Amino acid sequence: MSSTESFPEIRESVRRLCADFPGTYWQAKDRDRAYPTEFVETLTREGFLSVLIPEDYSGSGLGLGAATAILEEVHRSGCNGGACHAQMYVMGTLLKHGSDAQKAQYLPAVASGDLRLQAFGVTEPTSGTDTTRIRTFARKDGDDYIVSGQKIWISRAEHSDLMVLLVRTTPREECLKSSDGMSVLLVDMREAIGKGLTIRPIRTMLNHATTELFFDDLRVPAANLIGEEGKGFRYILSGMNAERILIASECIGDGRFFIDRAVAYAKDREVFGRPIGQNQGIQFPIARAQVQLSAAALMVDKAAAMFDAGENCGTEANMAKMLASEASWYAGDQCLQTHGGFGFAEEYDIERKFRETRLYQTAPISTNLILSHVATHALGLPKSF
Ligand SMILES: Cc1cc2nc3c(=O)[nH]c(=O)nc-3n(C[C@H](O)[C@H](O)[C@H](O)COP(=O)(O)OP(=O)(O)OC[C@H]3O[C@@H](n4cnc5c(N)ncnc54)[C@H](O)[C@@H]3O)c2cc1C
(Lines give C-alpha, C1' and ligand atoms only; values in the text may rest on other atoms or scores of the structure.)
Protein backbone atom coordinates (compact mmCIF):
# COMPACT_ATOMS: atom_id res chain seq x y z
CA MET A 1 0.00 0.00 0.00
CA SER A 2 1.38 3.45 -0.82
CA SER A 3 1.77 5.83 2.08
CA THR A 4 -0.82 8.20 0.59
CA GLU A 5 -3.47 5.50 0.86
CA SER A 6 -2.90 4.60 4.49
CA PHE A 7 -5.05 6.12 7.26
CA PRO A 8 -7.29 8.13 4.88
CA GLU A 9 -9.58 9.46 7.64
CA ILE A 10 -6.65 10.67 9.73
CA ARG A 11 -5.08 12.29 6.69
CA GLU A 12 -8.32 14.06 5.77
CA SER A 13 -8.75 15.41 9.32
CA VAL A 14 -5.15 16.66 9.39
CA ARG A 15 -5.60 18.37 6.03
CA ARG A 16 -8.75 20.11 7.26
CA LEU A 17 -6.97 21.29 10.41
CA CYS A 18 -3.96 22.54 8.46
CA ALA A 19 -6.18 24.55 6.11
CA ASP A 20 -6.71 26.96 9.02
CA PHE A 21 -2.94 27.62 9.10
CA PRO A 22 -2.13 28.95 5.62
CA GLY A 23 1.17 30.18 4.24
CA THR A 24 0.64 33.69 5.62
CA TYR A 25 0.53 32.25 9.18
CA TRP A 26 3.87 30.46 8.72
CA GLN A 27 5.45 33.40 6.89
CA ALA A 28 4.71 35.69 9.86
CA LYS A 29 6.10 33.15 12.35
CA ASP A 30 9.17 32.63 10.19
CA ARG A 31 9.80 36.38 9.88
CA ASP A 32 9.61 36.86 13.66
CA ARG A 33 11.20 33.49 14.53
CA ALA A 34 8.10 32.98 16.67
CA TYR A 35 6.75 29.68 17.98
CA PRO A 36 3.52 28.52 16.25
CA THR A 37 1.65 28.19 19.54
CA GLU A 38 -1.83 28.25 17.98
CA PHE A 39 -0.97 25.45 15.56
CA VAL A 40 0.61 23.28 18.27
CA GLU A 41 -2.35 23.85 20.61
CA THR A 42 -4.80 22.84 17.88
CA LEU A 43 -2.90 19.66 16.99
CA THR A 44 -2.72 18.79 20.70
CA ARG A 45 -6.41 19.50 21.30
CA GLU A 46 -7.40 17.30 18.37
CA GLY A 47 -5.33 14.45 19.82
CA PHE A 48 -2.84 14.16 16.97
CA LEU A 49 0.25 14.46 19.16
CA SER A 50 -0.81 11.68 21.53
CA VAL A 51 -1.50 8.94 18.99
CA LEU A 52 1.45 6.85 20.18
CA ILE A 53 0.47 6.95 23.85
CA PRO A 54 -1.40 3.75 24.83
CA GLU A 55 -5.10 3.99 25.62
CA ASP A 56 -4.38 2.97 29.24
CA TYR A 57 -2.65 6.34 29.58
CA SER A 58 -5.37 8.28 27.73
CA GLY A 59 -3.70 8.32 24.30
CA SER A 60 -5.04 6.74 21.10
CA GLY A 61 -2.76 3.69 21.22
CA LEU A 62 -2.00 3.81 17.52
CA GLY A 63 1.28 2.79 15.90
CA LEU A 64 4.04 4.70 14.21
CA GLY A 65 2.36 4.20 10.82
CA ALA A 66 -0.48 6.49 11.93
CA ALA A 67 1.99 9.03 13.30
CA THR A 68 3.87 9.12 9.99
CA ALA A 69 0.57 9.76 8.16
CA ILE A 70 -0.12 12.74 10.44
CA LEU A 71 3.28 14.35 10.03
CA GLU A 72 3.38 13.71 6.30
CA GLU A 73 0.05 15.51 5.85
CA VAL A 74 1.15 18.38 8.11
CA HIS A 75 4.14 18.93 5.87
CA ARG A 76 2.33 18.33 2.60
CA SER A 77 -0.07 21.09 3.65
CA GLY A 78 2.82 23.56 3.96
CA CYS A 79 2.80 23.50 7.77
CA ASN A 80 5.75 22.39 9.93
CA GLY A 81 5.66 19.62 12.52
CA GLY A 82 9.15 20.52 13.74
CA ALA A 83 7.54 22.73 16.35
CA CYS A 84 5.99 19.76 18.12
CA HIS A 85 6.91 16.38 16.58
CA ALA A 86 8.97 15.49 19.66
CA GLN A 87 5.77 15.39 21.74
CA MET A 88 5.00 12.21 19.78
CA TYR A 89 8.22 10.26 20.25
CA VAL A 90 10.11 11.59 23.29
CA MET A 91 7.57 9.94 25.56
CA GLY A 92 8.65 6.57 24.08
CA THR A 93 11.67 6.49 26.42
CA LEU A 94 9.38 7.00 29.40
CA LEU A 95 6.81 4.50 28.08
CA LYS A 96 9.33 1.74 27.44
CA HIS A 97 11.70 2.22 30.33
CA GLY A 98 9.94 4.32 32.98
CA SER A 99 8.47 2.88 36.17
CA ASP A 100 4.71 2.34 36.50
CA ALA A 101 4.57 5.29 38.89
CA GLN A 102 6.38 7.58 36.44
CA LYS A 103 4.14 6.53 33.56
CA ALA A 104 0.98 7.05 35.61
CA GLN A 105 2.23 10.45 36.77
CA TYR A 106 3.25 11.87 33.40
CA LEU A 107 1.74 10.08 30.40
CA PRO A 108 -1.96 11.00 30.86
CA ALA A 109 -0.95 14.64 31.32
CA VAL A 110 1.24 14.49 28.21
CA ALA A 111 -1.66 12.90 26.29
CA SER A 112 -4.06 15.67 27.33
CA GLY A 113 -1.53 18.38 26.56
CA ASP A 114 -1.45 19.58 30.19
CA LEU A 115 2.24 18.69 30.20
CA ARG A 116 4.43 19.40 27.21
CA LEU A 117 7.19 16.83 26.71
CA GLN A 118 8.86 18.42 23.71
CA ALA A 119 12.55 18.54 24.61
CA PHE A 120 15.15 15.86 24.05
CA GLY A 121 18.61 16.79 25.32
CA VAL A 122 21.44 14.76 23.80
CA THR A 123 23.80 16.87 21.65
CA GLU A 124 26.71 18.74 23.23
CA PRO A 125 29.05 21.30 21.69
CA THR A 126 32.27 19.36 22.19
CA SER A 127 31.14 15.77 21.57
CA GLY A 128 29.00 16.36 18.45
CA THR A 129 27.71 13.11 17.00
CA ASP A 130 30.07 11.08 19.19
CA THR A 131 27.45 10.74 21.92
CA THR A 132 29.52 8.51 24.20
CA ARG A 133 31.79 11.51 24.82
CA ILE A 134 29.08 13.70 26.33
CA ARG A 135 30.33 15.57 29.38
CA THR A 136 27.17 16.68 31.11
CA PHE A 137 27.51 14.83 34.39
CA ALA A 138 24.95 13.92 37.08
CA ARG A 139 26.45 13.23 40.51
CA LYS A 140 24.31 11.51 43.13
CA ASP A 141 23.78 13.55 46.31
CA GLY A 142 21.27 12.03 48.74
CA ASP A 143 17.88 11.88 47.03
CA ASP A 144 19.01 14.09 44.16
CA TYR A 145 21.33 14.15 41.19
CA ILE A 146 23.37 17.32 40.74
CA VAL A 147 23.75 18.07 37.03
CA SER A 148 26.54 20.18 35.49
CA GLY A 149 27.39 20.69 31.85
CA GLN A 150 26.11 22.07 28.58
CA LYS A 151 23.87 20.97 25.71
CA ILE A 152 23.41 22.54 22.31
CA TRP A 153 20.68 22.51 19.64
CA ILE A 154 18.04 21.46 22.13
CA SER A 155 14.87 22.36 20.28
CA ARG A 156 11.63 23.60 21.86
CA ALA A 157 13.21 23.82 25.35
CA GLU A 158 11.46 27.15 25.90
CA HIS A 159 8.14 25.58 24.96
CA SER A 160 8.31 22.41 26.99
CA ASP A 161 7.55 21.52 30.61
CA LEU A 162 9.64 18.37 30.63
CA MET A 163 12.89 17.26 29.02
CA VAL A 164 14.35 13.81 28.54
CA LEU A 165 18.03 14.45 29.28
CA LEU A 166 21.00 12.17 28.60
CA VAL A 167 23.83 12.57 31.11
CA ARG A 168 26.92 10.71 32.20
CA THR A 169 26.70 9.14 35.64
CA THR A 170 30.01 7.28 35.40
CA PRO A 171 33.04 8.76 33.62
CA ARG A 172 33.70 7.12 30.24
CA GLU A 173 37.19 6.02 31.30
CA GLU A 174 35.74 3.98 34.18
CA CYS A 175 33.30 2.04 31.97
CA LEU A 176 33.86 -1.32 30.32
CA LYS A 177 32.08 -0.08 27.19
CA SER A 178 32.00 3.55 26.09
CA SER A 179 28.20 3.39 25.77
CA ASP A 180 27.86 2.34 29.43
CA GLY A 181 27.67 4.83 32.28
CA MET A 182 25.07 7.15 30.73
CA SER A 183 21.64 7.71 32.26
CA VAL A 184 18.35 9.34 31.36
CA LEU A 185 16.76 11.93 33.64
CA LEU A 186 13.33 13.45 33.25
CA VAL A 187 13.90 17.12 34.01
CA ASP A 188 11.00 19.32 35.06
CA MET A 189 11.99 22.54 33.35
CA ARG A 190 9.41 24.60 35.24
CA GLU A 191 11.32 23.89 38.44
CA ALA A 192 14.78 23.98 36.89
CA ILE A 193 14.88 27.32 35.07
CA GLY A 194 16.73 29.87 37.19
CA LYS A 195 17.79 27.22 39.70
CA GLY A 196 20.72 25.79 37.78
CA LEU A 197 19.29 25.66 34.24
CA THR A 198 19.74 28.53 31.80
CA ILE A 199 18.25 28.45 28.30
CA ARG A 200 19.69 30.58 25.53
CA PRO A 201 17.90 30.64 22.13
CA ILE A 202 19.96 30.17 18.95
CA ARG A 203 18.78 32.01 15.83
CA THR A 204 19.10 29.72 12.81
CA MET A 205 18.33 29.78 9.07
CA LEU A 206 14.89 28.33 9.81
CA ASN A 207 12.29 28.88 12.49
CA HIS A 208 13.00 25.93 14.80
CA ALA A 209 13.02 27.27 18.38
CA THR A 210 16.35 25.65 19.10
CA THR A 211 18.48 26.54 22.12
CA GLU A 212 21.64 26.10 24.13
CA LEU A 213 21.32 24.82 27.70
CA PHE A 214 23.65 25.48 30.62
CA PHE A 215 23.50 23.29 33.73
CA ASP A 216 25.13 24.72 36.82
CA ASP A 217 24.60 22.33 39.74
CA LEU A 218 20.96 21.74 38.86
CA ARG A 219 19.25 19.46 41.39
CA VAL A 220 17.07 16.77 39.82
CA PRO A 221 15.26 14.32 42.13
CA ALA A 222 16.71 10.80 41.84
CA ALA A 223 13.09 9.65 41.47
CA ASN A 224 13.25 11.20 37.98
CA LEU A 225 15.83 8.68 36.79
CA ILE A 226 14.29 6.64 33.96
CA GLY A 227 15.14 2.94 34.16
CA GLU A 228 18.46 1.88 35.58
CA GLU A 229 21.44 4.13 36.12
CA GLY A 230 24.15 3.58 33.49
CA LYS A 231 21.85 2.10 30.82
CA GLY A 232 20.55 5.36 29.36
CA PHE A 233 22.26 5.11 25.99
CA ARG A 234 20.33 1.95 25.14
CA TYR A 235 17.08 3.60 26.24
CA ILE A 236 17.43 6.52 23.89
CA LEU A 237 18.46 4.43 20.87
CA SER A 238 15.01 2.92 20.26
CA GLY A 239 13.49 6.40 20.65
CA MET A 240 15.91 7.61 18.00
CA ASN A 241 14.59 5.05 15.50
CA ALA A 242 11.08 6.42 16.00
CA GLU A 243 12.43 9.95 15.60
CA ARG A 244 14.20 9.11 12.33
CA ILE A 245 11.12 7.44 10.84
CA LEU A 246 8.85 10.33 11.84
CA ILE A 247 11.23 12.91 10.45
CA ALA A 248 11.50 10.89 7.25
CA SER A 249 7.70 11.14 6.96
CA GLU A 250 7.97 14.93 7.33
CA CYS A 251 10.44 14.91 4.43
CA ILE A 252 7.98 12.86 2.35
CA GLY A 253 5.34 15.50 3.13
CA ASP A 254 7.73 18.32 2.17
CA GLY A 255 8.57 16.50 -1.07
CA ARG A 256 4.90 16.10 -1.95
CA PHE A 257 4.34 19.80 -1.16
CA PHE A 258 7.15 20.74 -3.56
CA ILE A 259 5.94 18.42 -6.31
CA ASP A 260 2.30 19.60 -5.98
CA ARG A 261 3.42 23.21 -6.22
CA ALA A 262 5.86 22.60 -9.08
CA VAL A 263 3.26 20.72 -11.16
CA ALA A 264 0.59 23.39 -10.61
CA TYR A 265 2.95 26.21 -11.53
CA ALA A 266 4.42 24.36 -14.54
CA LYS A 267 0.92 23.90 -15.96
CA ASP A 268 -0.10 27.48 -15.33
CA ARG A 269 2.94 29.59 -16.20
CA GLU A 270 3.22 30.41 -19.88
CA VAL A 271 6.48 31.57 -21.43
CA PHE A 272 7.28 31.54 -25.18
CA GLY A 273 3.60 31.03 -25.82
CA ARG A 274 3.20 27.69 -24.00
CA PRO A 275 3.11 26.31 -20.45
CA ILE A 276 6.63 25.84 -19.12
CA GLY A 277 5.58 22.31 -18.06
CA GLN A 278 5.36 21.36 -21.74
CA ASN A 279 9.17 21.56 -21.90
CA GLN A 280 10.88 18.33 -20.96
CA GLY A 281 13.61 20.38 -19.31
CA ILE A 282 10.95 21.31 -16.72
CA GLN A 283 8.97 18.04 -16.75
CA PHE A 284 11.82 15.60 -16.25
CA PRO A 285 13.28 17.01 -13.03
CA ILE A 286 9.78 17.05 -11.49
CA ALA A 287 9.18 13.49 -12.70
CA ARG A 288 12.55 12.43 -11.24
CA ALA A 289 11.56 14.00 -7.92
CA GLN A 290 8.35 11.97 -8.01
CA VAL A 291 10.29 8.75 -8.68
CA GLN A 292 12.75 9.39 -5.85
CA LEU A 293 10.06 10.42 -3.40
CA SER A 294 7.87 7.40 -4.16
CA ALA A 295 10.80 5.05 -3.49
CA ALA A 296 11.69 6.86 -0.26
CA ALA A 297 8.04 6.69 0.90
CA LEU A 298 8.09 2.91 0.53
CA MET A 299 11.16 2.72 2.77
CA VAL A 300 9.45 4.94 5.36
CA ASP A 301 6.42 2.62 5.34
CA LYS A 302 8.66 -0.42 5.70
CA ALA A 303 10.63 1.05 8.60
CA ALA A 304 7.41 2.11 10.38
CA ALA A 305 5.87 -1.34 9.90
CA MET A 306 9.00 -2.98 11.34
CA PHE A 307 8.99 -0.59 14.29
CA ASP A 308 5.33 -1.34 14.98
CA ALA A 309 6.02 -5.08 14.76
CA GLY A 310 8.71 -4.69 17.42
CA GLU A 311 11.46 -5.70 14.99
CA ASN A 312 14.95 -4.27 15.02
CA CYS A 313 14.62 -1.46 12.46
CA GLY A 314 17.79 0.58 13.07
CA THR A 315 19.11 0.17 9.54
CA GLU A 316 15.72 0.70 7.88
CA ALA A 317 14.99 3.79 10.01
CA ASN A 318 18.33 5.26 8.98
CA MET A 319 17.85 4.39 5.31
CA ALA A 320 14.33 5.86 5.32
CA LYS A 321 15.55 9.10 6.82
CA MET A 322 18.45 9.44 4.38
CA LEU A 323 16.39 8.63 1.26
CA ALA A 324 13.49 10.86 2.32
CA SER A 325 15.67 13.84 3.25
CA GLU A 326 17.55 13.64 -0.05
CA ALA A 327 14.34 13.21 -2.05
CA SER A 328 12.69 16.22 -0.39
CA TRP A 329 15.79 18.35 -0.94
CA TYR A 330 15.92 17.43 -4.63
CA ALA A 331 12.18 18.10 -4.98
CA GLY A 332 12.62 21.46 -3.26
CA ASP A 333 15.47 22.44 -5.54
CA GLN A 334 13.47 21.55 -8.65
CA CYS A 335 10.37 23.30 -7.33
CA LEU A 336 12.42 26.45 -6.79
CA GLN A 337 13.89 26.16 -10.29
CA THR A 338 10.44 25.65 -11.83
CA HIS A 339 9.19 28.84 -10.22
CA GLY A 340 12.00 30.97 -11.65
CA GLY A 341 12.30 34.24 -9.75
CA PHE A 342 8.96 33.80 -8.01
CA GLY A 343 10.33 30.83 -6.04
CA PHE A 344 12.48 33.26 -4.09
CA ALA A 345 9.52 35.39 -3.01
CA GLU A 346 8.41 34.82 0.58
CA GLU A 347 4.72 34.73 -0.35
CA TYR A 348 5.09 31.50 -2.35
CA ASP A 349 6.33 29.54 0.74
CA ILE A 350 8.85 27.65 -1.38
CA GLU A 351 11.99 29.37 -0.11
CA ARG A 352 10.76 28.79 3.48
CA LYS A 353 10.08 25.10 2.91
CA PHE A 354 13.41 24.84 1.05
CA ARG A 355 15.22 26.08 4.17
CA GLU A 356 13.15 23.90 6.45
CA THR A 357 13.70 20.64 4.60
CA ARG A 358 17.46 21.16 4.34
CA LEU A 359 17.81 20.66 8.09
CA TYR A 360 16.96 17.00 7.81
CA GLN A 361 20.18 16.02 6.11
CA THR A 362 21.99 17.14 9.26
CA ALA A 363 19.53 16.58 12.11
CA PRO A 364 18.62 14.46 13.92
CA ILE A 365 21.51 12.51 12.36
CA SER A 366 23.70 13.53 9.47
CA THR A 367 23.94 11.59 6.21
CA ASN A 368 27.56 10.49 6.76
CA LEU A 369 26.68 8.89 10.07
CA ILE A 370 23.82 7.01 8.38
CA LEU A 371 26.18 5.75 5.68
CA SER A 372 28.58 4.70 8.41
CA HIS A 373 25.80 2.78 10.18
CA VAL A 374 24.80 0.97 6.98
CA ALA A 375 28.43 0.23 6.08
CA THR A 376 29.31 -1.28 9.44
CA HIS A 377 26.00 -2.69 10.72
CA ALA A 378 24.30 -3.87 7.52
CA LEU A 379 27.35 -4.65 5.39
CA GLY A 380 29.85 -5.70 8.06
CA LEU A 381 32.59 -3.37 6.84
CA PRO A 382 35.29 -2.45 9.38
CA LYS A 383 34.48 0.41 11.74
CA SER A 384 36.27 3.68 11.05
CA PHE A 385 35.66 5.09 14.54
C1 LIG B 1 18.02 23.11 14.11
C2 LIG B 1 18.58 21.95 14.87
C3 LIG B 1 17.79 21.31 15.83
C4 LIG B 1 18.31 20.26 16.59
N5 LIG B 1 17.56 19.71 17.61
C6 LIG B 1 18.15 18.85 18.48
C7 LIG B 1 17.47 18.41 19.67
O8 LIG B 1 16.31 18.79 19.91
N9 LIG B 1 18.11 17.60 20.55
C10 LIG B 1 19.41 17.18 20.33
O11 LIG B 1 19.95 16.46 21.17
N12 LIG B 1 20.09 17.57 19.20
C13 LIG B 1 19.50 18.38 18.29
N14 LIG B 1 20.17 18.80 17.16
C15 LIG B 1 21.54 18.35 16.96
C16 LIG B 1 21.71 17.43 15.76
O17 LIG B 1 21.24 16.15 16.07
C18 LIG B 1 23.20 17.46 15.39
O19 LIG B 1 23.50 18.75 14.89
C20 LIG B 1 23.55 16.43 14.39
O21 LIG B 1 23.41 15.14 14.93
C22 LIG B 1 25.00 16.59 13.91
O23 LIG B 1 25.85 16.72 15.02
P24 LIG B 1 26.91 17.93 15.10
O25 LIG B 1 26.19 19.18 14.76
O26 LIG B 1 27.58 17.87 16.40
O27 LIG B 1 27.91 17.61 13.94
P28 LIG B 1 29.34 16.90 14.06
O29 LIG B 1 29.23 15.62 14.80
O30 LIG B 1 30.30 17.92 14.54
O31 LIG B 1 29.61 16.59 12.53
C32 LIG B 1 29.87 17.62 11.56
C33 LIG B 1 29.90 17.00 10.18
O34 LIG B 1 30.96 16.04 10.11
C35 LIG B 1 30.46 14.77 9.73
N36 LIG B 1 31.20 13.73 10.46
C37 LIG B 1 31.47 13.67 11.80
N38 LIG B 1 32.17 12.56 12.10
C39 LIG B 1 32.32 11.89 10.94
C40 LIG B 1 32.94 10.64 10.57
N41 LIG B 1 33.52 9.86 11.48
N42 LIG B 1 32.92 10.26 9.28
C43 LIG B 1 32.34 11.03 8.33
N44 LIG B 1 31.74 12.21 8.61
C45 LIG B 1 31.72 12.63 9.89
C46 LIG B 1 28.99 14.78 10.07
O47 LIG B 1 28.26 13.90 9.25
C48 LIG B 1 28.62 16.24 9.85
O49 LIG B 1 28.27 16.44 8.50
C50 LIG B 1 19.64 19.81 16.34
C51 LIG B 1 20.42 20.43 15.34
C52 LIG B 1 19.90 21.48 14.63
C53 LIG B 1 20.79 22.16 13.61
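Here are some exercises with worked solutions on the predicted model shown above.

In this predicted model, local features need pLDDT of at least 70 and side-chain atom pairs count only at pLDDT 80 or more, while totals for chains, interfaces and linings use all residues. Residues are numbered from 1 along each chain as its sequence is written.

**Exercise 1. Describe how helix α4 packs against helix α9.**

Step 1. Start with the geometry: two packed helices are described by the angle between their axes and the distance between the axes. Axes are lines fitted to C-alpha atoms, for helices over the stretch in contact, and angles run from 0 to 180 degrees between N-to-C directions. Helices (H or I, at least four residues) and strands (E, at least two) are DSSP runs, numbered from the N terminus.

Step 2. Read the values: α4 (residues 64-76) and α9 (residues 232-268) have axes 7 Å apart, at an angle of about 35 degrees.

Step 3. Look at who takes part. Among the contact residues are Leu64, Ala67 and Leu71 of α4, with Ala242, Ile245 and Leu246 of α9. Here, contact means that C-beta atoms, placed from the backbone, lie within 7 Å.

Step 4. Sort the contact by class: nine residues are nonpolar, four polar and six charged. Ala, Val, Leu, Ile, Met, Phe, Trp, Tyr, Cys and Pro count as nonpolar, Asp, Glu, Lys and Arg as charged, and the others, Gly among them, as polar.

**Exercise 2. Now describe how α4 meets helix α10.**

Step 1. The axes of α4 and α10 (residues 280-308) cross at roughly 145 degrees and come within 8 Å.

Step 2. On the α4 side you find Leu64, Gly65 and Thr68, which meet Val300, Ala304, Ala305, Phe307 and Asp308 of α10.

Step 3. This contact has five nonpolar, two polar and one charged residues.

**Exercise 3. Is Gly239 buried or exposed, and what does Gly239 touch?**

Step 1. Find the residue: Gly239 sits in helix α9.

Step 2. Apply the cut-offs: a residue is buried if 20 or more other C-beta atoms lie within 10 Å of its own, exposed if 12 or fewer, and partly exposed in between.

Step 3. Gly239 is buried because 23 other C-beta atoms lie within 10 Å.

Step 4. Leaving aside neighbours within four places in sequence, Gly239 is in contact with Tyr89, Val90, Gly92 and Thr93.

**Exercise 4. Which residues come nearest to the ligand?**

Step 1. A residue counts as near if its C-beta atom, placed from the backbone, lies within 6 Å.

Step 2. Of the 22 residues around the ligand, Val122, Gly128, Thr129, Trp153 and Ser366 come nearest.

Step 3. Sorted by class, this shell has 10 nonpolar, 12 polar and no charged residues.

**Exercise 5. Examine the backbone at Trp153, Asp349 and Pro364.**

Step 1. Trp153, in strand β3, has a positive phi of about 65 degrees although it is not a glycine. Trp153 is partly exposed, with 19 other C-beta atoms within 10 Å.

Step 2. Asp349, in the loop between α11 (314-338) and α12, has a positive phi of about 70 degrees. Asp349 is buried, as 20 other C-beta atoms lie within 10 Å.

Step 3. The peptide bond from Ala363 to Pro364 is cis, with omega near 0 degrees. Pro364 lies in the loop between α12 (350-358) and α13.

Notes:
Two residues are in contact if their C-beta atoms, placed from the backbone, lie within 7 Å.
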